[in-house]
Amino acid sequence: MNSVYLQAVGVVAPGLPDWPACRDVLCGRAVYKPAPIARFSPTSLPVNERRRMTPTIRLALQAATEAMQSGTPDPATVATVFATCNGDLEISDRICDALSLHERPVSPTDFHNSVHNAPAGYWTIGSQCHRPSTSLSAGVSTVAAGLLEAVTQAWCDDHPVELIVYDQPAPPVLISRHTNTTPFAAALLIQRRQVAESLAELRVAPVRRSVTRGLQSAELEAIRLNNPAAQVLLLLELLAMNTVADCVLPCPDSGGLLVEYSPC
Amino acid sequence: MLKRNLSLKAYTLTNSLGHGEMATVSALREQRGGLRKCDFDTAELDTWIGRVDGVEDITLPQSLRRFDCRNNRLALLALEQDAFTDAVSSCRRRHGAARIGIFLGTSTSGIHATELAYRAREPETGRLPAWFDLQNTQLIFSVVDFVRELLDIRGPTQAVSTACSSSAKVFASACRHMQAGLCDAALVGGVDSLSLTTLYGFNALQLVSTRPCRPWDQERDGISIGEAAGFALLEWDTAGSDDIALLGYGESSDAHQIATPHPKGTGAALSMQLALHKSALGGRDIDYINLHGTATSTNDASENAALHRVFGIPPAFSSTKGWTGHTLGAAGITEAIISCQAITHGFVPGTMNTRQPDKSLSDGIVLDTRDQEVGTVLSNSFGFGGSNCSLIFGRPHR
């Protein structure tokens, strides 16, 4: 089992404006208080792009920005993996609504934002990054699939990789038992080699067992069970506790992805 | 450099040229295109499309009915060709279901099901009909979940959705997962089906031609949208095998604009250079380039600038979008398989519909399919959001 090094993280959810706030709730130092997410507007993007961003894109980019805020490595040198279960349902809602009308007035901006990799497009423009970027989805195993993609890129192609996981709530007409009602995004910056800034070593391997325990914080456990992207809180709890420990991220068919955590 | 070559043990392709991979080979050789005047659903657009015949008549197995939508019907139709499922079964017996990964690309998944559901909303409440199943049709993972259930594949899994580079990038992801020892074989491919979203969406961006698309032509004025499904089974090359292999891949980002490529083709050039580097080949080792070649004014100009930068004078090159239409998330696998067919059968596909190549672009685009020995092919796939991927296929190095 090969390892990678976790260097920085970012988090955004209601009441969790950044990683320090999330960490304090995860390790029981602070009480969780829900609060609306403040509107995020990345200054690195040209005005036109900034204006066109949807709430889903803002959510993903806010987490991505926090994990890269130290400026080391230069964001232009970091490959990205964007992982989401649901994609941008607000956009598909508006397009399908327009298509049900007689004139079918699909907005060019909506169509332009409808590609699953729209957040990746905005991110690479803002960071002037020509490195590879992928956008993927894997149902309940979206976080596990995103982590494996990021880890295998770091191993095989040997560049720093940022994994961004995000899921925004569905618009009212699409809400079902499968869709989340809480927004959540997180980002993990990983490298193949240990550097001065490394926080922890991560070892990952598929296992034939599923998630065995939930989060200690009942409020964050509720978010984890509500939002597919928030499964990453299992891993972030290890970082908050910062001791040798492991967790299992959900995969299909009652399998899981084992993540072993050792502080640097 | 790739430590080992990744063989394509089996592949299958279905598109508007016909069901099964040989339908594409015959059409390319017989100069028979697959585009027709738009007759999809209730679309009223003056454009040409590459529609696959018979998708409407496909029935999913009873136990997998929850996945029923045009995209998954097209996936099933394609999987049933070329004895492909037999090859998957044999692979499963050799490696075990948990050691086969599955990586499929799609751009719009089963969005047509949502379009139909919105038209059938309850007038009073606006509620969607009870038959609508968002998770198993519209969501991007739907086609992967359907195929893994259908074929009993239990290894690492992901749906890649990076617009028109989706089903090219699956080769890179599968290769990395296999190199990392997470699986011993991988099912890769892509499925994208016609939808009103893409027809009216590209129309809203004024990127759709009213005539069959004409890549590289001085009068080119937009794309023709098509649909397709293709799959390939990847395993490590074994000594003595003569299977065609993935020799290299390159991926890059434009970092320019969401819907327009970089005018100088910076990202496109980088993805081709990385693929050459990974395969340890030089520009002169490539016999044929299958262009992304969508036939919009800016796309072809940008790709041309990239081609010039990487190759100077390029080898034989052509775009096959005029035959199949632009199959979006399935374009990568479609053109990867056409690249393998060019090697297997010894031909360079022509560029259908193109008659007057644009003099401001590189000279020498192949217009009519011709017989020629082809050892190594580079295939380009570039997508919205500035997502680029180039793949190199050939006989393994000996």
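Residues count from 1 along each chain as its sequence is written, and chains are lettered from A in the order in which they are written. Because the model is predicted, local features need pLDDT of at least 70, side-chain atom pairs count only at pLDDT 80 or more, and totals for chains, interfaces and linings use all residues.

**Stop 1: color by confidence.** The model scores ipTM 0.98 and pTM 0.98.

**Stop 2: select chain A.** Its C-alpha trace spans about 60 × 40 × 35 Å along the principal axes. Of its 264 residues, 56% are buried, that is, with 20 or more other C-beta atoms, placed from the backbone, within 10 Å of their own.

**Stop 3: show where the chains meet.** Here 50 residues of chain B are in contact with 52 residues of chain A; contact means C-beta atoms, placed from the backbone, within 7 Å. Elements giving two or more residues to chain B's side include α7 (166-179) and α9 (266-279) of chain B.

**Stop 4: zoom in on the strands.** Strand β3 of chain A pairs with β5(B) in the antiparallel sense over two bridges; pairing requires at least two bridges found by DSSP. Which residue of β5(B) stands opposite A:Ser137? Look for B:Ala159.

Technical notes. Two residues are in contact if their C-beta atoms, placed from the backbone, lie within 7 Å. Helices (H or I, at least four residues) and strands (E, at least two) are DSSP runs, numbered from the N terminus. A residue is buried if 20 or more other C-beta atoms lie within 10 Å of its own, exposed if 12 or fewer, and partly exposed in between; C-beta atoms are placed from the backbone.
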